[in-house]
Amino acid sequence: MEQEDSVENRLKIIQDGLADAKLIGPLVQMCKTSDQAEALIKLVETVCDKQCLGTLMLLGPKNCGKSVTLGLAIASAIKSKYSNIFVTSSSPSDLKTIFEWAIVGLKSLGYVEDGNFHVSRSSAKTYSPGDITRIDVIKKFRQIVQYIDPFEAVTDDMLEKSAQLLILDEAAAIPLNIAKKLLGSYLTLISCTTSGLMASGRQRVSQLVKHMKKDKNKLKTLDPENRLQELPFNQVLDEFSDSTMDSHDAKLLKYLSWNDSDFGEITGCPPPDDCELFLIDRDALLRKKSSTEKFLRRLFALYHSSSYQANLDIIRIIFESKNHLLFCLVPPVVNISESSSKTPEVLCLILVSIQADGDVTDRITKEYYDTSMEVLNGAHILRIATHPSYDEKEYGYGKKAIQLLEGYFRGHFNFDLGLSTTNQNKVKCPFLVQLSQRKSELYDYLTVSTDLNHDSIKFWRRSGYIMVDINPNPDPISKEHGCTLLKSLIRKDEEESRSNAWVLKLWQLFRNRFFSMLESNLRHLPGILGVEILQEDEFLAHQAPARVLSREELEIYLTLHDLKRLRIYSQFRDDHRRITDLVPILASFYFRGKFGEKVHLSPAQMIIMLGIGLQGKSVDEVASELGLPGNQVLAHFLKAIKKLSTWLDGIEEEAIGKTLGLDRQRYDNMYSMQPVQGTLDDELEDAARDIVRAEQKSLKSMTHEMKRLAKYAIKGTEDEWDEVLKSGHKPIITIKTIQSKKPEGELKKLEKPEMRKNKFKKRKLPDKD
């Protein structure tokens, strides 16, 4: 009571102190708690300072006045001459309180409805009839407060061009990738419900806060340290009364409200291999002892920390359903008595339906017309939640819990039944059952349903789960597709009696369907997520290695002319638009494993091939997705095409070689690189000798040629020619030259006189007949 009186006194002091303020005075009088009043003062100050372009986040449980505070802040923004105010949420029905209190705030500031402002409501064709979607204020100039769909807002630049203030109500209910794109160079007010009925999951809230704290490009404030300001709400206005629901559900509502203290103190970071998985004894947990009550609140706080929305259904399942088992991963030593107030620290929580989800099994059976799962026993993982203080990527508690759970359902712990081990003696907790002390249920497979986002799919794929189904229609609220993953629990030594061929068949049927969906329903799917789904793990590779593409199969899809086009493009001799029709065939071959293990593409090249080839995206769309310039995307694309084209040409060359009777191995042995004979110095000496011989031969040939041409040399020196040319123009020029005397060795013997006479004797002409 004293605490409540102090809270009321603080609220009264704030209201009395601001009673005469023109703008904040009438608005703060409507606040019901001091948290609400202090948050409203901070919002009004930020709104009045139009130079501030940061982000303010209102965090608190349900029914603490966050929406009312945002509505009053909108009224103050209208009074501060904001022209374009946008309000967004997953549905305009969720904004009813904000718009209603914005109208109340405008009236308290002297605005008259249908005089100074007009309220527009939605029609039945768009949203729920009667929902307020727009407020037009016309006093001195035109001002609007308008609802905008978050998924439509990210497709155009309306917010970036005209928004001055953006309100995000229940921002954690909006997919994180969409919420990121909504942030921009304008003031943003955000609210998130952290606990209570239909509250957003803590994990989503923490991811959103973490992103906004690290993002320094979109949140442009003058002070980098104040990019995000959190305004906590701890005081609840009113609780749900028992008259609104039956008494049993009213008692369960207290488990929907939690705070950080319910998670317990962090005692350390034990290695995952040292932790143990326990089954929670529901009967012992409901004895309402001090330790069990505290442990229950810890479990529900941990469960809802990763859940999308908190609801009563999960509480009813935990308390009442006998077809569900609850497992928890705890540190190695647990020694707690029933009367003790201490509770074990829970690192990870798993809720399992020991009867496989009928909807999942029926949907897969009807989708692929396969009845293999009908004769097998399976369990369904409903939820896995890791302690928010331990990041799964760094610590791996979730992965370890899944491994132990799979071992339990395989019967690995049944070998220890009836044995007293030292490990069993140190576990003394009334509501935790060691797995080795209980006969486990044996199952053939495990399934899990989750949202189609990268973090979730990456976690389950790394744990060995295979995608078998995707809902083509996204969720109407989160706009995310649902998917189902499956893992066979049949061991390799059991495959002779129980084959895993049904898993491979489901995977192949799903992959064919997934290729078709990428062109239509899943065209917007991020390329990195599509590559993650199509990657085959060791289990699939062991079941059926991919059959490498043969020439006969290649000729069905590609002609020699098509291969020539790919070769010309890979040689920088053509544009990428000339081979666009061939890229889907190449991408399909690659992701089906038709190129074998010799062809490897980098992650960026795989994303580009999937985006351009299977999703029909343009180069600009892929570049925007990867955050790379368009020319770099084309460079990666060219490298990928060159690798694939070279491998396809090899198939044709090998087939032609077989036709001509050429042995490829003999050809490689003949022309392959062999080790050189001798040392490097020997090779240099041999080369020097060859060069000297070549120079001597060239010199000898040149000398002989010069001697032959010497007889055609012009006689006379330069001085003699200058003297003759000075004497004037003469038709004939003569220069007296003296022929040098030849050496004795070069003198020829004189000819005989008879021979000289015969040489100059005139020949007689033949007589004419």
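View 1. Strand β16 spans residues 482-488. Six of its seven residues are buried, so the strand is largely enclosed by the rest of the structure. Buried means under 20% relative accessible area, exposed over 50% and partly exposed in between, with a 1.4 Å probe and protein chains only. Strands (E, at least two residues) and helices (H or I, at least four) are DSSP runs, numbered from the N terminus. The model is predicted: local features need pLDDT of at least 70, side-chain atom pairs count only at pLDDT 80 or more, and totals for chains, interfaces and linings use all residues. Residues are numbered from 1 along each chain as its sequence is written, and side-chain values use heavy atoms, with hydrogens and water left out.

**View 2. Partners of β16.** Strand β14 (residues 445-451) runs antiparallel to β16, joined by seven bridges. Two strands pair if DSSP finds at least two bridges between them. Thr450 stands opposite Cys483 in β16. Strand β15 (residues 466-470) is also antiparallel to β16, with four bridges. Ile466 has Leu486 of β16 as its bridge partner.

**View 3. Glu406 in helix α16.** Helix α16 covers residues 397-410 and holds Glu406. Glu406 is buried, at a relative accessible area of 3%. Beyond its neighbours within four places in sequence, Glu406 contacts Leu446, Ser463, Tyr465, Lys487 and Leu489. Contact means heavy atoms within 4.5 Å.

**View 4. The largest nonpolar core.** This core has 98 residues. A nonpolar core is a set of buried Ala, Val, Leu, Ile, Met, Phe, Trp, Tyr and Cys residues joined through side-chain atoms within 4.5 Å. Phe327, Ile350, Leu452, Ile470, Phe591, Met609 and Leu648 touch the most other members. Helix α19 (residues 501-518) gives the most to this core, with ten residues. A second, separate core has 49 residues, including Ala39, Leu43, Leu72 and Phe233.

**View 5. The eight-stranded open sheet.** Strand order is β3-β4-β5-β2-β6-β7-β1-β8, with mixed pairing. The edge strands, β3 (117-121) and β8 (228-232), each pair on one side only. Twist averages 15° from one strand to the next. Axes are lines fitted to C-alpha atoms, for helices over the stretch in contact, and angles run from 0 to 180 degrees between N-to-C directions.

**View 6. β1, β8 and a packed helix.** Strand β1 (residues 55-60) runs parallel to β8, joined by five bridges. Leu56 stands opposite Gln229 in β8. Helix α3 (residues 34-48) packs on the sheet, touching β1, β7 (187-193) and β8. The direction of α3 makes about 155° with that of β8.
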